[in-house]
Amino acid sequence: MAILDMNNDEPNQGLRCIVDIAKSFNEDIDFKIYNIRANNEFPDLSYDIYISSGGPGSPLEEGVWRQPYLELIQNLWDFNKNSTDEKKFVFLICYSFQVVCDYFQLGEMKPRKSTSFGILPIHKTKAGLKDPLLEGLDDPFWAVDSRNWQLIQPRLKVFKEHGCSILSLEKIRTHVEYERAIMAVRFSKEFVGTQFHPEADPIGMYAHFLEDINRQKVITNFGETKYNDMMDKMDDEDKIIKTYGIILPKFIQSAIEQTTQQLIA
């Protein structure tokens with residue numbers, strides 16, 4: 001498995017969480033981390049599984065990494081399209097999700113009026129209710145959401161041409177007239193992505209945000225009420241814990257099983 005670090009060397013919890021989940025499969029997979037944006041490091045096509053992380057900044061940024069990254073995504077997509085007996089499995093998180101959705105022109109990638117931050121409800125679509133990736137989660141389910149950008153105004157014709165489907169949408173906001181953001185997309189049987197953070201580990205995050213420097217940063221940016229609400233929900237096993245224990249592990253396990261079947265065949 002290749003883990004694509006899109007954090008541009010900024011401190012974060014997401015990469016640690018992805019690595020922790022990967023380590024739980026250490027009897028079945030080896031993995032390597034590639035620092036995409038900061039070091040311009042890229043894997044080849046020899047891996048079976050690719051997980052591309054979240055990260056800061058604009059998904060429209062024209063960094064030196066962008067073209068090679070998009071070429072990698074396109075090559076993986078083309079590999080799956082042209083191969084009948086071997087597939088590559090790709091999971092895109094937050095920033096990576098935004099970059100690839102914009103690349104495939106699935107809708108309008110727009111900055112939000114204000115940052116979305118916290119543990120928030122995510123609603124399944126009809127496709128999401130039937131998708132195995134979200135099986136076992138409530139509707140709505142709760143997940144970590146941290147973003148300044150969003151995918152809105154889906155181009156349904158493009159979705160149909162690519163064979164993509166929308167799996168979930170952001171919370172319903174009756175007090176404003178903003179369009180709801182797309183929170184998860186099934187690009188294909190092997191490609192999937194989420195705007196939210198399914199890798200978020202409630203225990204590790206709780207300890208992280210208890211530290212004074214991190215606590216104060218959240219309070220300064222979002223207020224004490226938002227901080228307290230986040231910490232309360234992080235301690236609720238009916239919310240964040242389910243996304244952490246279900247989505248990425250299920251994706252990796254399914255990829256392992258399908259790759260094993262390919263090798264046996």
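Within what distance do the axes of helix α3 and α4 come, and at roughly what angle do they cross?

Reply: The model is a predicted one, in which local features need pLDDT of at least 70 and side-chain atom pairs count only at pLDDT 80 or more, while totals for chains, interfaces and linings use all residues. Numbering starts from 1 along each chain as its sequence is written, and side-chain values rest on heavy atoms, without hydrogens or water.

The axes of α3 (residues 66-82) and α4 come within 11 Å and cross at roughly 75°. Axes here are lines fitted to C-alpha atoms, for helices over the stretch in contact, with angles from 0 to 180 degrees between N-to-C directions; helices (H or I, at least four residues) and strands (E, at least two) are DSSP runs numbered from the N terminus. The two helices are therefore roughly perpendicular (65 to 115 degrees; under 35 is roughly parallel, over 145 roughly antiparallel, the rest oblique). On the α3 side, the contact (heavy atoms within 4.5 Å) involves Arg-66, Tyr-69, Leu-70, Ile-73 and Gln-74, and on the α4 side Ser-96, Val-99, Val-100, Asp-102 and Tyr-103. By class, six of these residues are nonpolar, two polar and two charged (Ala, Val, Leu, Ile, Met, Phe, Trp, Tyr, Cys and Pro are nonpolar, Asp, Glu, Lys and Arg charged, the others, Gly among them, polar).

From α7, His-208, Phe-209 and Leu-210 meet Asp-212, Asn-214, Arg-215 and Val-218 of α8. This contact comprises three nonpolar, two polar and two charged residues.

With helix α9 (residues 224-234), the axis of α7 comes within 10 Å at a crossing of roughly 150°. The angle is why α7 counts as roughly antiparallel to α9. In α7, the residues concerned are Pro-202, Met-205, Tyr-206, Phe-209 and Leu-210; their counterparts in α9 are Tyr-227, Met-230, Met-231 and Met-234. Nine nonpolar residues form this contact, with no polar and no charged ones.

The lining has 37 residues, and Pro-11, Asn-12, Phe-117, Ser-146 and Lys-217 lie nearest the centre of the pocket. A pocket is an open set of points on a 1 Å grid over the protein atoms alone, where a 1.4 Å probe fits, with protein on both sides within 12 Å along at least five of seven lines; lining residues have an atom within 4 Å of a point. Its lining divides into 16 nonpolar, 17 polar and four charged residues.
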